[in-house]
Amino acid sequence: MTTTHILTLPGAMLKRGFWLYVWRVSAPNGQELLYVGRTGDNSSPYATAPYTRMGQHLGFSPNQNALRRHLLNRGIVAEDCRGFELIAYGPLYDEVRKGDGLTRADLMAAHMPLRDLVGALEKVLAEQLKASGYHVLNTVKWKHPHEARGWESARQAFAEHFPNLR
């Protein structure tokens with residue numbers, strides 16, 4: 001059926017940088033499913049905006065559509081879902097600046113410590129949401145430890161939307 005839909009997007013979600021985010025999916029049967037992610041590439045010195053990841057997650061590029069794949073693994077077609085909500089927290093850090101004379105290796109050397117900090121927060125967020133009774137679709141594998149102060153700030157921010165984190 002043809003109808004009109006509205007997507008409201010805060011301008012701040014266009015800012016490139018290192019962000020944490022949680023997708024809240026309302027499945028066709030009404031079940032709430034979560035997907036935890038971050039911005040800040042593993043293989044390049046780029047840290048995109050949550051808005052950019054939004055389209056990639058629901059698109060069809062196999063290297064970028066993790067949310068769509070997790071839904072399909074559960075027999076859920078994204079287009080059949082009742083709705084999607086993206087809760088993004090950040091930017092925790094700005095994207096690494098590309099300057100004249102900097103090599104890709106220079107950029108990666110600056111990018112990786114920030115990526116590791118945010119990746120560790122992504123992991124603890126996913127684990128704590130699961131431990132709090134939420135149905136998280138993905139498991140985040142990350143070997144670096146999280147920073148306690150950074151986690152407390154992130155926990156408080158996400159607890160506004162996921163009260164079991166309190």
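Strand S1 (17-26) is mostly covered, with nine of its ten residues buried. Buried here means under 20% relative accessible area, exposed over 50% and partly exposed in between, using a 1.4 Å probe and protein chains only. Strands (E, at least two residues) and helices (H or I, at least four) are DSSP runs numbered from the N terminus.

This is a predicted model, in which local features need pLDDT of at least 70 and side-chain atom pairs count only at pLDDT 80 or more, while totals for chains, interfaces and linings use all residues. Residues are numbered from 1 along each chain as its sequence is written, and side-chain values use heavy atoms, with hydrogens and water left out.

**Strand pairing**

S1 has antiparallel partners in S3 (residues 83-94) and in S2. Strands pair if DSSP finds at least two bridges between them. Nine bridges join S1 to S3, and seven join S1 to S2. Some bridge partners are set out here.

| Residue | Partner | Partner strand |
|---|---|---|
| Gly17 | Asp94 | S3 |
| Tyr21 | Gly37 | S2 |

S1 and S2 form a hairpin with five residues between them, and Gly30 in the turn has a positive phi of about 95°. Ser26 stands opposite Glu32 in S2. Six of the seven residues of S2 are buried, so S2 is largely enclosed by the rest of the structure.

**The nonpolar cores**

Now to the inside. A nonpolar core is a set of buried Ala, Val, Leu, Ile, Met, Phe, Trp, Tyr and Cys residues joined through side-chain atoms within 4.5 Å. The largest one has 25 residues, and those with the most contacts inside it are Val22, Leu125, Leu129, Phe158 and Phe162. At least two residues of this core come from each of S1, S2 (32-38), helix H3 (104-131) and helix H4 (148-159). H3 gives the largest share, eight residues. Apart from this core lies another, of 16 residues, among them Trp23, Leu33, Ile76 and Ala78.

Which residues does Leu129 contact, leaving aside its neighbours within four places in sequence? They are Val22, Leu34, Val36, Tyr134, Val136, Phe162 and Leu165, where contact means heavy atoms within 4.5 Å.

**Two loop residues**

Asn65 lies in the loop between helix H1 (50-58) and helix H2 (66-73). Is Asn65 buried or exposed? At 6% relative accessibility, Asn65 counts as buried. Its side chain reaches the backbone oxygen of Gly59 at 3.1 Å, and a polar contact of 3.0 Å joins the side chains of Asn65 and Arg69. A polar contact is a pair of N or O atoms within 3.5 Å; within protein, one must be able to donate a hydrogen and the other to accept it, and residues adjacent in sequence count only if both atoms are side-chain atoms. Beyond its neighbours within four places in sequence, Asn65 is in contact with Gln56, His57, Gly59 and Phe60.

Arg97, in the loop between S3 and H3, is exposed, with a relative accessible area of 69%. Not counting residues up to four places away in sequence, Arg97 touches Leu102 and Leu107. Arg97 and Gly119 are 22 residues apart in sequence and 20 Å apart in space, C-alpha to C-alpha.
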